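Subject: Structure for your review

Dear colleague,

Please find the structure below, together with its sequence. I would be grateful if you could read the notes that come after it with the model open.

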Amino acid sequence: MEIVKEFLEYILTPSGEIFIVGLLIVFLVPILVHLYIARSTPYTSLPSILLVGPPGGGKTSLLTLLERGDSASATHTSQIPQSIELTTSNDHGATTFREAARIDAPGAHRKFLLVDTPGHGKLRNQHAMTQMGSNTLRGIVYVLDAASLDDNLADAASYLYDVLLALQKRTGAGKTSKTPNEIHVLIAANKLDLFTALPASLVKSNLEAELSRIRRSRSKGLLDSGVGVDEVGSEEQDDWLGQYGSEKFTFGQMREFDIEVDVIGGSVLEGKVDKWWDWISQRI
């Protein structure tokens with residue numbers, strides 16, 4: 001009892017030592033508790049879906065349609081990336097994206113980020129390629145205008161070539177290290193409500209033909225650039241999209257790199273995007 005009495009008298013008697021100990025307790029305990037909670041509670045980043053494509057294809061309109069649920073709002077050419085948080089459910093009874101995206105929809109809900117990127121030629125590579133390096137990326141939706149594809153085929157295919165090649169190199173790099181998560185591509189042929197729009201099958205074949213032309217052109221450009229003969233093989237193979245040495249490019253060649261490419265038609269203006277939503281939901 002004497003020891004306890006002496007201890008209580010010591011800690012209750014004002015002194016410099018007791019004051020310092022009290023300050024340490026006040027400041028250190030909250031910090032230690034915070035560090036413990038931060039380390040014991042894993043932080044989970046939301047999976048993401050990336051919207052890319054040439055300007056005027058309808059990327060931002062699609063984003064606003066999925067966010068609002070009723071109709072797309074008037075948009076202008078994007079200058080910076082923007083993202084929204086959406087929810088999807090695994091309820092197989094839902095027949096439209098509006099039903100599957102409801103907060104009170106049955107089934108397990110999954111949240112994800114839908115990221116819109118600028119389509120302008122001077123901005124798209126800077127932003128899209130940066131987003132493609134994210135570990136949370138689960139899929140890419142390449143939105144294009146199927147009604148004006150004949151006039152803009154070269155630009156649409158050139159950008160698509162860069163996107164697919166970046167994914168191909170990403171997968172190839174994973175063969176010598178940790179295998180990256182699979183990222184598949186949906187080519188969303190938009191504006192099928194217009195009379196001049198090409199059906200998805202023609203969009204697919206036209207893009208494959210143009211990608212074949214671009215591949216031949218870039219390969220020839222490498223040979224004409226003065227690169228040494230011994231270096232041509234590795235350089236050309238690294239920048240060759242799809243099956244190396246093949247005469248014609250097809251989207252099926254991307255399966256060699258664990259990349260599935262689907263071409264599906266729809267219309268943002270008429271709200272006919274349910275097949276696109278189903279594709280996105282399967283990737284989350």
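The notes below go from the whole chain to the sheet, the helices on it, the salt bridges and a surface patch.

This is a predicted model, in which local features need pLDDT of at least 70 and side-chain atom pairs count only at pLDDT 80 or more, while totals for chains, interfaces and linings use all residues. Residues are numbered from 1 along each chain as its sequence is written, and side-chain values use heavy atoms, with hydrogens and water left out.

Overall composition

The chain has nine helices and six strands; these are DSSP runs numbered from the N terminus, helices being H or I of at least four residues and strands E of at least two. Of the 284 residues in the chain, 40% are buried. Here buried means under 20% relative accessible area, exposed means over 50%, and partly exposed lies in between (1.4 Å probe, protein chains only). Among contacts (heavy atoms within 4.5 Å) with a separation of 6 or more, 75% are between residues 24 or more positions apart. The chain exposes about 16200 Å², with carbon and sulfur atoms supplying 57% of that area; accessible areas come from the Shrake-Rupley method with a 1.4 Å probe, and for residues only the protein chains shown count as cover.

The sheet and its helices

Six strands form an open sheet of mixed pairing, in the order 2-3-1-4-5-6; two strands pair if DSSP finds at least two bridges between them. Strand 2 and strand 6 (261–265) stand at the edges with a single partner strand each, so one side of each has no neighbour in the sheet. From one strand to the next, the twist averages 25°. Angles run from 0 to 180 degrees between N-to-C directions, and axes are lines fitted to C-alpha atoms, for helices over the stretch in contact.

Strand 1 (residues 48–52) pairs with strand 3 in the parallel sense over four bridges, and Ser48 has Leu113 of strand 3 as its bridge partner. Helix 3 (residues 59–68) packs on the sheet, where it touches strand 1, strand 2, strand 3 and strand 4, and its direction makes about 45° with that of strand 2. Helix 9 (residues 274–283) lies across strand 1, strand 2, strand 3, strand 4, strand 5 and strand 6, and runs at about 170° to strand 5.

Salt bridges

The structure holds eight salt bridges, each defined as a side-chain nitrogen of Lys or Arg within 4 Å of a carboxyl oxygen of Asp or Glu. One of them joins Lys111 and Glu85, whose closest N and O atoms are 3.5 Å apart. Lys111 is in strand 3 (residues 109–116) and Glu85 in strand 2 (residues 82–89), so the pair links distant parts of the chain, 26 residues apart. Asp145 and Lys191 form another, with the closest N and O atoms 3.3 Å apart. Asp145 lies in strand 4 (residues 137–145) and Lys191 in the loop between strand 5 (184–190) and helix 7 (200–223), so this pair ties together parts 46 residues apart in sequence. Asp145 is buried, at 15% relative accessible area, whereas Lys191 is partly exposed at 24%.

Surface patch

Leu28, Ile31 and Leu32 make a nonpolar surface patch of about 290 Å². Patches are made of residues with over 30% relative accessible area and no salt bridge, like charges being joined within 9 Å and nonpolar side chains (Val, Leu, Ile, Met, Phe, Trp, Tyr) within 5 Å. Ile31 is found in helix 2 (residues 16–40) and is partly exposed, with a relative accessible area of 46%.

With kind regards
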